[in-house]
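Have a go at each task before reading its solution.

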Amino acid sequence: MYRGRKLQIFGGTANMQLTEEIAEHVGVPLGQVEVKRFSDGEISIYIGESVRGSDVFIVQPISCPANENLMELLIMMDGMKRASAKSINTVLPYYGYARQDRKTRARDPITAKLVADLLTTAGADRVIAMDLHAGQIQGFFNIPVDHLKSLPILAKYFQQKVFADAVVVSPDVGGVTRARELAERLQLPIAIIDKRRPEPNVAEVMNIIGKVKGKTVIMIDDIIDTAGTISLGAHALLEQGAKEVYVCCTHPILSGPALERLATAPVKEIIVTNTIPLGGKKLDKIRVLSVASLIGDAIIRIHEELSVSKLFD
């Protein structure tokens, strides 16, 4: 049981199971909060206990339905601020709207910055995020951001498997850094899929850079959304002589045709984390790893003013 300064953990409705796991790991009771809807659909929040003088941590991924979950989080933060919480620490297992992080065409919005501004205005004193789609999003905030990575959890899972000859593959050029970090932990070489994306959620594999023939492939990405990239990539890798394909990611969005594509994709296993609840989106080859202990340890270290980076040494 944690017995330091007053620390309270609350959760929105987006991923209550993960929030409960985090609170159990930290050793504090889950904070009482009630989320209701007015008849017109507006969100009503009631905080069922005092938060005065507390370091409050609110866990809420901005996942589907993103607009509802984001608004719920903002209203909850406003309530905590008006109830005199000492600090409001926003825990985002998944940072929604992150894929629009720069202008690629004239008149494009930058929604990742907009969400950062909304969170800060609502009262966030700190943000704890898991595997941001783009690292530069940390710079969109003028408050501390602790960027947690699921790589140690994913790497530990693959370290328990014995592969005679394996390679880590990035599904695109933008994910090379992520693939290289996993490859270094597993002491494996890397390869890259060079793809073109003519429009959002549409990918075309161009060619594969690196040696995959006869190898077990571990393809890593930060998110799986419609699974088009994963499905095309797996087919391309096997056509180039790969022995078998494993896929891993942090955020299983799994929207639209994702489940159907993953079910028919030539992938042996899909390893994801519980930053986003799968709900009914389940397949036999999907394995879910928990990030609750990692987030819980980060919360304790932040509350005790210790280094968070030590978690990744």
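**Exercise 1: Backbone angles in loops**

Task: Where does Ser-84 lie, and is this residue buried, exposed or partly exposed?

Solution. Begin with the chain: Ser-84 sits in the loop between α2 and β5 (87–92). Helices are DSSP runs of H or I with at least four residues, strands are runs of E with at least two, and both are numbered from the N terminus. Before going on, note that this is a predicted model, where local features need pLDDT of at least 70 and side-chain atom pairs count only at pLDDT 80 or more, while totals for chains, interfaces and linings use all residues. Residues are numbered from 1 along each chain as its sequence is written, and side-chain values use heavy atoms, leaving out hydrogens and water.

Next comes the surface: Ser-84 has a relative accessible area of 32%, so this residue is partly exposed (buried is under 20%, exposed over 50%, partly exposed in between, with a 1.4 Å probe and protein chains only). Finally, check the backbone: phi of Ser-84 is near 70°, a positive value in a residue other than glycine. Tyr-97 also has a positive phi, of about 65°, although it is not a glycine. Tyr-97 belongs to the loop between β5 and α3 (111–122).

**Exercise 2: A cis peptide bond**

Task: Which residue is joined to Pro-65 by a cis peptide bond?

Solution. The partner is Cys-64, and omega is about -5°.

**Exercise 3: Aromatic pairs**

Task: How are the rings of Tyr-95 and Phe-141 arranged?

Solution. A pair of aromatic rings is described by the distance of the centres and the angle of the planes. The structure holds four aromatic pairs (rings of Phe, Tyr and Trp, the last by its six-membered ring, with centres within 6.5 Å; planes under 30 degrees apart are stacked, over 60 edge-to-face, the rest tilted). For Tyr-95 and Phe-141 the centres are 6.2 Å apart and the planes stand at 80°, so the pair is edge-to-face. Tyr-95 is in the loop between β5 and α3 and Phe-141 in the loop between β6 (126–130) and β7 (145–148), so the pair ties together parts 46 residues apart in sequence. Tyr-95 is buried at a relative accessible area of 2%, and Phe-141 is buried at 7%.

Now take Phe-163 and Tyr-246, a tilted pair with 5.2 Å centre to centre and 55° between the planes. Phe-163 lies in the loop between α4 (151–159) and β8 (166–170) and Tyr-246 in strand β12, so this pair ties together parts 83 residues apart in sequence. Phe-163 is partly exposed at 21%, whereas Tyr-246 is buried at 4%. To finish, widen the view: Tyr-157, Phe-158, Phe-163 and Tyr-246 form one aromatic cluster.

**Exercise 4: The open sheet**

Task: What is the strand order of the open sheet of five strands?

Solution. The order is β1-β4-β5-β6-β7, with parallel pairing (two strands pair if DSSP finds at least two bridges between them). At the edges stand β1 (7–11) and β7, each with a single partner strand, so one side of each has no neighbour in the sheet. For a closer look inside the sheet, take β5 and β6, which run parallel and are joined by four bridges. Leu-92 has Ala-129 in β6 as its bridge partner.
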